[in-house]
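Hi,

Here is the structure I promised to pass on. Have a look first, and my notes follow below.

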Amino acid sequence: MTAYMWHTCDRMVLGSILPESLVVLPIGAVEQHGPHLPSGTDGMIVDAVTATAVRLAADRAVRDVVVAPTVPFGASDHHFPFGATLSLTNETATSVLVDLLRSIGRSGASRVLIVNGHGGNRGPCHSAAHVASTRLRLHAAYVDYWMLAPADPAEPSVPVPGHAGAFETSLIKHLRPELVGTPPTRPTQPAVADVSDVLIHTETRWRALDGYTDTPADAAARAGGRWFDACAAVLADRIVALAAVL
């Protein structure tokens, strides 16, 4: 297979390759990531994971892969209390993804994989992929990159992905160490109520955590490198498999 970047190809090249290609569409977010990480953390990570995965899959997939530009914005309204956030509403994020998928289809492609880099995008990604298959007649798939991270025996207690905690801080220390500020410390993780098998949405809970989870001070570039390599390798496997079945 050959890997192409959508935005560096002209219409003649894209017109000839898209009908048989798998298009990969990454999406991130611009939102506060505690007092120590850049607001573009999610986009930086998903962009890098996707690019590495496509490179790893290059000699194995049965179809060409076209990587669309990473969507920089996501559904991040829950971060507004902390500032530094450029957010789409859930409805707008879904509409943006549907419009991009529609555009991909109108350009000649019929197979697409959304690679998500932000927890708040999970609903919009799922909805957009469903619309793509039912209304746009696309073969659509969707994955959250962090779901591909295997359990790390060296870091068994780190929540994945968390938010601006040890996992994401380690990844940015690996990818862009110059952008990592001094991670905050706190004596204990604030206590918040959980109910098994139920996802709770409440601003009170988010404020209690001060907008970041677990212990970012425990982050390390070496751990970030292990997580990054693992996510990219498994995503490469998924791209190879999807290129064969979609």
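**What turned up**

Ala164 counts as buried, with a relative accessibility of 0% (buried is under 20% relative accessible area, exposed over 50%, partly exposed in between, using a 1.4 Å probe and protein chains only). Ala164 is not a glycine, yet its phi is positive, at about 55°.

Before the rest, some housekeeping: this is a predicted model, where local features need pLDDT of at least 70 and side-chain atom pairs count only at pLDDT 80 or more, while totals for chains, interfaces and linings use all residues. Residues are numbered from 1 along each chain as its sequence is written, and side-chain values use heavy atoms, with hydrogens and water left out.

Back to Ala164: it is found in the loop between E7 and H5. Pro161 lies in the loop between strand E7 (139-144) and helix H5 (166-175) (helices are DSSP runs of H or I with at least four residues, strands are E runs of at least two, numbered from the N terminus). A cis peptide bond joins Val160 to Pro161, with omega about 5°.

Asp210 also isn't a glycine and has a positive phi, about 60°. Asp210 sits in the loop between helix H6 (203-208) and H7, and is partly exposed at 43% relative accessible area.

As for cysteines, a search of the whole structure finds zero disulfides (a disulfide being a pair of cysteine sulfur atoms within 2.5 Å). The closest cysteine sulfur to that of Cys125 is in Cys231, 16 Å away and too far for a bond. Cys125 counts as buried at 0% relative accessibility, and Cys9 counts as buried at 18%.

Cheers
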